[in-house]
Amino acid sequence: MVPELGQFALVLAFTLALAQGTLPLAGAARGDSSWMSVARPAAHGQLVFLAIAFGVLTYAFITSDFTVAYVANNSNLRLPLPYRIAGVWGGHEGSLLLWMLIFALWMAAVTVFSRRLPEEMVARVLGVMGLVAAGFLAFMLFTSNPFDRLLPAPPDGRDLNPLLQDPGMVLHPPMLYMGYVGFSVAFAFAIAALISGRLDAAWARWSRPWTTVAWVFLTLGNALGSWWAYYELGWGGWWFWDPVENSSFMPWLLGTALIHSLAVTEKRGAFRSWTILLAIFAFAFSLIGTFLVRSGVLTSVHAFATDPARGVFILALLVLVIGGSLALFAWRTSSIRMRGGSFGLLSRESLLLTNNVLLAAATGTVLLGTLYPLALDALGLGKVSVGQPYFDAVFVPVIAPALFLIGVGPIARWKKARLPELAVRLRWALAVTLVTALLLPFALGRWSAVTSFGLALATWIVATSALSLWERAKHATTGANVWAWLTATSRAFYGMWLAHIGVAVLIVGVTVVKGYETQKDVRMEAGDTVEVGGYVFRFDGVTNVAGPNYVAARATMQVTRSGKNVTTLFPSKRTYFSQQKPMTEAAIDPGFTRDLYATLGDALSATTWLVRVQHKPFVNWIWSGAVLMALGGLLAASDRRYRLAARELREESHLAASRDPQAAAEVPTQKAARLTQEADHA
Amino acid sequence: MRKALMLVFLLLLGGAAWAKEAAPAAEDPRLEQRVMAVAAELRCLVCQNQSIADSDADLAKDLRDQIREKLQQGQSERSVIDFMVARYGDFVLWRPPFKPTTVLLWLAPVLLPVGGLIALFYWLARRRDEGETELSEADHARAALLLDSGREMEKK
């Protein structure tokens with residue numbers, strides 16, 4: 001009975017989405033405020049019903065209700081409670097439900113934080129989101145219903161894939177979906193702006209904090225995924241160019257381009273059509289990512305054919321969303337005068353645009369590598385594989401120039417920069433970079449061109465970031481004290497600064513771990529030792545340990561350095577009751593400058609085991625860099641001017657409303673435009 | 001007799017207290033490095049998106065053994081890879097070969113950024129040729145007004 005409640009809630013959410021996707025849009029077109037006012041309650045209603053549906057599915061998982069097919073496929077009586085809850089999004093149907101729930105959360109957030117926006121804008125944004133929600137809910141109800149019954153119920157479920165039985169499963173998908181879905185807000189704002197014909201700086205300012213927050217979540221989601229793969233998959237890699245990874249990396253690349261291009265659109269009114277296009281494509285790639293991962297098309301093109309209904313629905317939805325928005329784009333941008341502030345061939349604008357082109361090219365490269373095998377196979381032109389060796393070879397050359405520009409962009413002036421002047425300002429940063437790149441690899445142990453190049457990029461970013469901070473301080477300190485200047489500088493600047501430093505930290509991690517990691521595969525008996533990176537691992541034998549739904553063989557390894565104890569590691573092999581193949585559980589001792597990584601291999605005899613030990617210098621810098629980038633994003637999104645604009649607009653419209661109700665509606669947009677221009681001058 | 005006892009004592013002690021250096025898993029670690037380098041280029045056909053180097057599957061182990069055998073016999077890396085392609089097709093290569101059907105795959109990473117940058121340059125140059133928009137008197141007056149209101153705001 002309970003699962004039917006969930007089903008019912010889904011149907012109600014679907015009807016609300018239909019109402020939200022039509023009435024407010026029509027109302028905005030006709031200027032009918034009663035129709036427009038449908039948007040907010042409809043969004044709130046969807047959140048309530050989707051929360052109910054999600055709660056019902058979770059309840060079915062907790063109570064192991066195997067009459068629900070989805071639960072029977074993804075859970076098991078012996079599955080521990082946290083993983084039964086995470087199992088809700090362990091498969092296709094449930095992850096769509098999670099996607100929708102998060103979508104409803106973002107919609108509700110829009111209703112809360114958009115009070116200052118003109119009613120028409122809110123109605124259009126929520127209307128567009130309602131249409132997307134309706135499409136997704138229809139997909140769930142007609143082809144991927146999580147509440148489908150399985151009668152008679154099997155005595156026990158099939159179990160959640162053991163790889164997914166990990167704390168990472170609890171955090172990683174929700175985080176990633178927060179990012180994916182968050183781009184829908186930027187998308188809805190872009191479409192609303194296209195419909196209204198007002199592609200002004202105010203629109204850019206409104207969508208900026210939303211885009212940045214979505215990007216923050218996506219950054220963290222990708223970092224979590226990489227970290228999870230690193231410790232769970234057991235061979236110490238942290239990025240595999242797996243199609244699943246690629247499909248969350250592409251929206252991130254485009255999102256990165258989008259936040260930079262929005263900055264220019266807000267500050268200088270330029271690149272408007274490009275920004276709109278990016279907003280459309282960032283969301284389109286989020287959709288493609290969701291479907292690629294979940295439809296099974298990646299494992300085989302034929303997964304598509306075994307379930308044609310799903311495949312056709314997905315394609316139709318993608319064509320509708322992408323094709324529809326591009327058609328609207330083509331139709332509207334030709335009629336809107338798009339000329340923004342003028343700028344020279346060399347200027348901060350043109351540098352940011354170059355960075356955008358490179359990021360878009362990088363996205364295109366990854367997309368091609370990911371889909372090429374599928375396309376060839378579907379066309380019957382043979383089967384090829386595209387993997388890590390290919391991506392390593394082609395991605396770095398495309399992205400390296402963009403990383404170099406991180407150092408130049410924030411230094412260059414808006415409107416017009418001069419090369420000689422730039423060169424003079426950057427000469428010390430360049431000198432520091434060259435010296436570091438030449439000498440530091442020797443200090444680390446071994447010089448190689450690749451290491452030197454990676455360290456050069458990282459040093460360049462740090463040196464130029466320091467320069468930009470110092471130049472600002474120098475200009476400001478005439479008269480004022482430094483502290484006053486430091487507190488007066490906007491959070492947006494600090495955010496950008498921190499995020500760029502994060503990129504440098506990430507590059508250091510990638511470069512050093514690639515260049516200096518060491519690994520040894522050995523056969524060990526109790527008492528044997530092996531040394532990597534100056535650390536001695538002593539193998540103290542294997543004991544059997546019972547887990548809730550598995551048995552494990554667990555080795556004890558004592559790690560010492562120069563005779564001093566460092567840590568004890570317990571690498572193990574788990575055999576889950578529901579599976580035959582044992583899974584390796586690596587043991588890791590994390591550290592600021594190195595990770596020690598031990599994995600237990602096969603037993604060669606009763607007392608001898610294969611063991612792999614690895615010394616991974618600076619590997620944590622990879623994820624720390626991503627965390628710094630996310631923190632930078634949060635700082636930028638919390639910038640004072642977004643809140644200031646909000647408060648002023650509210651006060652102003654109240655005042656105006658008390659004097660002249662007619663004019664009140666006009667005020668917010670004008671005011672926002674003025675505030676934007678002031679920000680430019682400031 | 002005392003010598004024999006001493007030997008037994010030493011043997012008993014040996015296992016517990018004197019740690020010995022573990023033997024490498026492979027008989028020839030340098031050969032193993034070459035094996036793994038080749039294995040990293042080859043797809044494990046029964047796994048999902050893993051290379052033969054990364055996979056624990058039986059097929060991957062078999063193929064690693066075969067690679068080792070062939071390298072031991074003095075064959076080059078190239079000929080081992082060619083052997084695998086002859087047996088399993090291009091599908092086994094993680095780095096697809098350059099041939100008519102993969103021209104686009106290999107050229108796009110060059111064409112996309114270079115083409116994008118050329119297009120960008122032309123667009124920027126054309127934009128500049130169109131010239132700066134002249135500001136009218138009214139525009140200047142409006143700008144001055146906005147600047148003033150900006151300053152007032154800062155004073156607040």
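The model is predicted: local features need pLDDT of at least 70 and side-chain atom pairs count only at pLDDT 80 or more, while totals for chains, interfaces and linings use all residues. Residues are numbered from 1 along each chain as its sequence is written, chains are lettered from A and ligands numbered from 1 in the order in which they are written, and side-chain values use heavy atoms, with hydrogens and water left out. Helices (H or I, at least four residues) and strands (E, at least two) are DSSP runs, numbered from the N terminus.

**A sheet built from both chains**

- Five strands form an open, antiparallel sheet in the order 8(A)-9(A)-10(A)-1(A)-1(B); two strands pair if DSSP finds at least two bridges between them.
- Strand 8 (587–589) of chain A and strand 1 of chain B stand at the edges, each with a single partner strand, so one side of each has no neighbour in the sheet.
- Helix 9 (residues 201–232) of chain A packs on this sheet, touching strand 8, strand 9 (594–603) and strand 10 of chain A; contact means heavy atoms within 4.5 Å.
- The direction of helix 9 of chain A makes about 45° with that of strand 9 of chain A, where axes are lines fitted to C-alpha atoms, for helices over the stretch in contact, and angles run from 0 to 180 degrees between N-to-C directions.
- Strand 1 (residues 518–524) of chain A pairs with strand 10 (residues 609–617) of chain A in the antiparallel sense over seven bridges.
- Strand 1 of chain A also pairs with strand 1 (residues 23–24) of chain B, in the antiparallel sense over two bridges.
- Arg523(A) stands opposite Leu610(A) in strand 10 of chain A, and has Ala23(B) as its bridge partner in strand 1 of chain B.
- Val522(A) has Pro24(B) as its bridge partner in strand 1 of chain B.

**Chain B in outline**

- Chain B has six helices and one strand, running α-β-α-α-α-α-α from the N terminus on.
- Of its 156 residues, 30% are buried, where buried means under 20% relative accessible area, exposed over 50% and partly exposed in between (1.4 Å probe, protein chains only).
- Among contacts in chain B between residues at least 6 apart in sequence, 43% join residues at least 24 apart.
- Chain B exposes about 10,700 Å², with carbon and sulfur atoms supplying 60% of it; accessible areas come from the Shrake-Rupley method with a 1.4 Å probe, and for residues only the protein chains shown count as cover.

- Ala28(A) lies in helix 1 (residues 2–30) of chain A and is buried, with a relative accessible area of 5%.
- Leaving aside neighbours within four places in sequence, Ala28(A) is in contact with Met36(A), Glu120(A), Ala123(A) and Arg124(A).
- The 24 residues of helix 3 (residues 39–62) of chain A should span 34 Å at 1.5 Å a residue, and the end C-alpha atoms are 34 Å apart, which agrees; the expected span is 1.5 Å times one less than the number of residues.

**Loop residues to look at in chain A**

- Ser64(A), in the loop between helix 3 and helix 4 (69–74) of chain A, has a positive phi of about 50° although it is not a glycine.
- Ser64(A) is buried, with a relative accessible area of 14%.
- Trp241(A) also has a positive phi, near 55°, and is found in the loop between helix 9 and helix 10 (243–268) of chain A.
- Trp241(A) is buried, with a relative accessible area of 9%.
- The peptide bond from Leu151(A) to Pro152(A) is cis, with omega near -5°.
- Pro152(A) sits in the loop between helix 7 (119–143) and helix 8 (167–196) of chain A.
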